[in-house]
Amino acid sequence: MSTTVQATAGEVEGRVEGDLNVFRGIPYAEAPMGAIRFKPPVRISSFPGRVNATAFAPSPQQSPAILEVAPGVDLFAGIKEKSEDCLALNVWTPGISGSRPVMVYIYGGSFVRGSSTQVAYDGARIARDGDVVVVTLNYRVGALGFLDLDLPGWQTNLGLRDQLAALEWVRDNIAAFGGDPARVTVFGESAGAISISSLLAAPSSRGLFQRAIMQSGAGREVATRESSRALSAAFMRHLGLDPTDAEGARSAAVQDLLAAQMAATLEAMAREGVGGGFQPVLDGDLVTAQPVAAVRAGAVAGLPIMAGTTMHELRLWRALDPGIADMDEAGLRARAGMFLGERGNALVDAYLAAQTGESIGDRWLAMLTDREFRAPSTRLLEAQSGHSSEVYSYLFDWPSPIDGMGACHAIDVPFVFGTLGAPGFDVLTPSTPETEAIGSTMRAAWTAFAHGRPPGGEDGWPVYDMARRSTRVFGSNDRVEHDPLARERELWQPQLISR
């Protein structure tokens, strides 16, 4: 059975699926192609006719995965057709009447992959279980979303600008879908969480969301203009163009763009590690400060936030580095010196003492997990704890049955969405009575937060403050710990980080 809503640009027709109204592939901006490729999103003022919103729009153009992370695991299952004509969003709502909280999800994928079509991001379970309106959206990734040419008036951060355009669409339209535009929670994982952190440092995002949940990416620094433009110059070199030839880039074949993007990204990763590549940049226009600095200065004072990580984030990338398995202490010290500077040896000593029972390779991955994810997340929580009475910290520690993966990066996503056992995730996160129970607990916390209620009940999850650093640990042993992994936290104070 169909269901129709009157949006500001015209009628949108979706489907009734059980007890939900579902709309897929609603365009929120013009196709960023041709003359408007590499330009900010252009709002659609009027649809040419009724929009058939019964199927997902194409996914953004993107490079293929560099390497399978583990046999049978496909974190990007559901990405099929790809096109630059991708700026669309999807809505799951329990009813087109009423005024429910809205949860807007921003996907991950290292800013070079990802789509709202991924099977892990089906919004039905959250909408139904939490009585909320769920929105997922597409945004441009890779060079198409973050190219930064050294030209007067050039605007970068197009992927972030896409997200803002989608949030503006939510502000202007979601009431017609049964949502409350004054109760919008943004949530996202990995690049999605980094995007939200970046939006905290973007004055133009003010008022577009009232709460934020960041999974495995909170507090990460955005690229400097120098590094962003160096990466973009390398991209143009691989494309065979002068570094300021914007029109040449606009007219290039998309497959040539993706090939140049891959070549430039691999060069950046060789220099910078996992964090190298196209990503948000401190442009002084949209993003006006590093996220933690902006939050510490009170940029989003009063904004409730929830942020956390998985226990073993970097184990997801174990397959990218065959040397991990045979790493010895000398190799560990050499790597620490390369990536962590003069503090490397002191950090190695501490992790060798603290991470007992782990292999040398796993201790290196633990160091990177803390450097890339846990320490930035902690700094953002610290920064906002003085400006908001609703700041919550979590840690996810359920280990995958895949040997050596532990509680790796992205493992928590299907728990939150209720898509355990979905294709591509069925080996990493199977649906069992235990995992479903953990997922129900997490969904209840996420949606309670969106409703403005304490995410752990009245007494089940204390707020994060500098005295106790209370943290909810999700896993087989659901609990609250005060200052978990304190020794490691203390090692990663800002003055110890060399990036």
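The structure holds 37 salt bridges, a salt bridge being a side-chain nitrogen of Lys or Arg within 4 Å of a carboxyl oxygen of Asp or Glu. This is a predicted model, in which local features need pLDDT of at least 70 and side-chain atom pairs count only at pLDDT 80 or more, whereas totals for chains, interfaces and linings use all residues. Residues are numbered from 1 along each chain as its sequence is written, and side-chain values use heavy atoms, with hydrogens and water left out.

Side chains of opposite charge can pair when their charged atoms come close. Arg371 counts as buried at 6% relative accessibility, and Glu372 is buried with a relative accessible area of 5%, where buried means under 20% relative accessible area, exposed over 50%, and partly exposed in between (1.4 Å probe, protein chains only).

Salt bridges that share partners join Arg125, Asp129, Glu436 and Arg443 into one network. Within helix H1 (residues 124-130), Arg125 and Asp129 lie 4 residues apart, about one turn of the helix; helices (H or I, at least four residues) are DSSP runs, numbered from the N terminus. The closest N and O atoms of their salt bridge are 3.3 Å apart. Asp129 is partly exposed at 46% relative accessibility, as is Arg125, with a relative accessible area of 28%.

Arg237 and Glu267 form another salt bridge, at 3.3 Å from N to O. Because Arg237 lies in helix H5 (residues 225-239) and Glu267 in helix H7 (residues 254-272), the pair ties together parts that are 30 residues apart in sequence. Glu267 is partly exposed, at 27% relative accessibility.

Methods
Helices (H or I, at least four residues) and strands (E, at least two) are DSSP runs, numbered from the N terminus.
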